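Please walk through this structure, moving from its surface to its core and then to its charged pairs.

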Amino acid sequence: MPFAVPVAEQRFLLTHVAGIEALAAMPAFADATPDMVDAVLEGAADFAEGRFAPLNRIGDTVGARRTEAGVTMPPGYVDAYRDYVEGGWGTIDADVAAGGQGLPFALATAVLESLGTANLSFALCPTLTVGAIEAISAHGSAGQQAMYLPKLVTGAWTGTMNLTEPQAGSDVGALRTTATPQPDGTYRIKGTKIYISYGEHDLAENIVHLVLARTPGAPAGTRGISLFVVPRFRVEADGTIGAANDVRCVSIEHKMGLHASPTCVMSFGDRDDCVGEIVGPENGGMRAMFTMMNNARLNVGLQGVEIAERATQAAVDYATGRVQSARAGAASRESVAIVEHPDVRRMLLRMKALTQGARALCYHAAGQVDRAHQGDAAARVRVDLMTPLVKAYGTDVGVEVSGMGIQVHGGMGYVEETGAAQHYRDARIAPIYEGTNGIQAADLVGRKLTGDGGAGLAALLAEIRGETSDEPGLMALVDSVERVAIALREGDGDDRLAGSYPFLTMLSVATAGWLMARQGRAAVGDDAFARMKRGAVRFYLDRLVPEAAGLAAGALAGAAGLYALGVEELVA
């Protein structure tokens, strides 16, 4: 099926949502000139369309495989990844001192979107590496940064996060992997981790695992967790690859989607010879973990946008070519392309509006990340508030839009050869990993809503009101969000959690609606893009915003109804 990176949309959002021109005025981002931004966007689009996209289908049908030689990627992936490294596509926003280009994170977000829209499974590998870079940059020693960052930044080495264990999923504090100190200052790592994306593969010469483990005598629960860097192959003092490090993949999962992304069960220290180095202070693993997780959550929200964009393009292409029946009420009884039928139009416009609204959340958050890195305290508060919205709403949109893509295709959507089913299968994991969307909602009404007394939320709502007071539907939703927030903050814990998910959706739609309205005002002219943008904005504001306002009743219903039935009744 045809695919094209939406470069015009990316450039538009970088300008009007992320504020790339204001970022370029900062000394740290002086190289982000309009010419540079255009060159990066267009170059990334060409690369994604030419090298990643053609491998999407074979990645789904062949997938990653575990052999006697280790985990191998589908045909074409090793060569394409080498081209990714040589092209410097992982270096966009990395520190210049580590071999990066020092450009804004917002621009790197657009590049990652291009790669992920072309091939979601493939782009997950560099997405994870970004998390490892963030953790080592923030918490690693100078020696660790010098040893690992240059290779991770280029992608010559890839990174993973090793948190989950068979008995420790969302309850991270239940993990049992151990780290025993050695006389030379290293640690012997021993344990099993599950659901490790790209835990083993043949794309890069080394894999840098970041592993949560317990040291002897560590406090119980999350207070006793430390973070360790554990390379697949040991690294010599001169940076060269040494011996294998007693790290191995014992199996890979057989999954619903993301078949080209090897999801591994990793065993550390089968021969008691797995060496790791502590990252940050002992028992400081949770702080380092959240550095990784917060970055990953923004990028997983972006994955929802990526798959939604791909599904939307496929649906539009199919709907404009599939001829079926005359349009109801038309004078002519000649069959027309299904794009002419009202319900198909409804689905296509909903797909476009949802995708663009979720993308706006991602790009707004990315611009705030750049400002936070430059010392803007208010931007840091905004990033913290936006992270659960981006992750949960973005991935919910990915699932809804990919599901509608199947519906637009009709029976052919349920047939694998069209590719529409792959979009849904690939999208469905995103609301689950890197903290389920229910956990994102709990975080929003917990730390984010009560931690600062609601100041961050109040600032966001005030900004929305100040910019879009001429949109009565959006103002009504903002008023409702404020009322629900007060009720949840004053309610007990169970009631707060019971209303957390509808509240998260309400706030996400209100914020996306604000950013969509801004785009509508900026979309001047009579070219096809401007007309499309104004149409998508009106659909979002006139149809999706009122839907979200209807969630207030559920958000305020409390927890009692959830426990009206006991376990005996639930299983009846």
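L565 lies in the loop between α19 (552-555) and α20 (567-570); helices (H or I, at least four residues) and strands (E, at least two) are DSSP runs, numbered from the N terminus. Together with V567, L570 and V571, L565 forms a nonpolar patch on the surface, with about 450 Å² of accessible area. Such patches take residues with over 30% relative accessible area and no salt bridge, joining like charges within 9 Å and nonpolar side chains (Val, Leu, Ile, Met, Phe, Trp, Tyr) within 5 Å. Areas come from the Shrake-Rupley method with a 1.4 Å probe, and for residues only the protein chains shown count as cover.

The model is predicted: local features need pLDDT of at least 70, side-chain atom pairs count only at pLDDT 80 or more, and totals for chains, interfaces and linings use all residues. Residues are numbered from 1 along each chain as its sequence is written, and side-chain values use heavy atoms, with hydrogens and water left out.

The largest nonpolar core has 178 residues, of which L14, F122, I189, L210, F503, L507 and Y540 touch the most other members. Its largest share, 15 residues, comes from helix α9 (residues 285-321). A core of this kind is a set of buried Ala, Val, Leu, Ile, Met, Phe, Trp, Tyr and Cys residues joined through side-chain atoms within 4.5 Å. Buried means under 20% relative accessible area, exposed over 50%, and partly exposed in between (1.4 Å probe, protein chains only).

R188 counts as partly exposed because its relative accessibility is 28%.

R538 pairs with E471 in another salt bridge, with the closest N and O atoms 3.1 Å apart. R538 lies in helix α18 (residues 528-549) and E471 in the loop between α14 (455-467) and α15 (472-490), so the pair ties together parts that are 67 residues apart in sequence. E471 is buried, at 15% relative accessible area, whereas R538 is partly exposed, at 36%.

Within helix α10, D343 and R346 lie three residues apart, about one turn of the helix, and form a salt bridge at 2.7 Å between the closest N and O atoms.

Note on methods: Salt bridge = Lys/Arg side-chain N within 4 Å of Asp/Glu carboxyl O.
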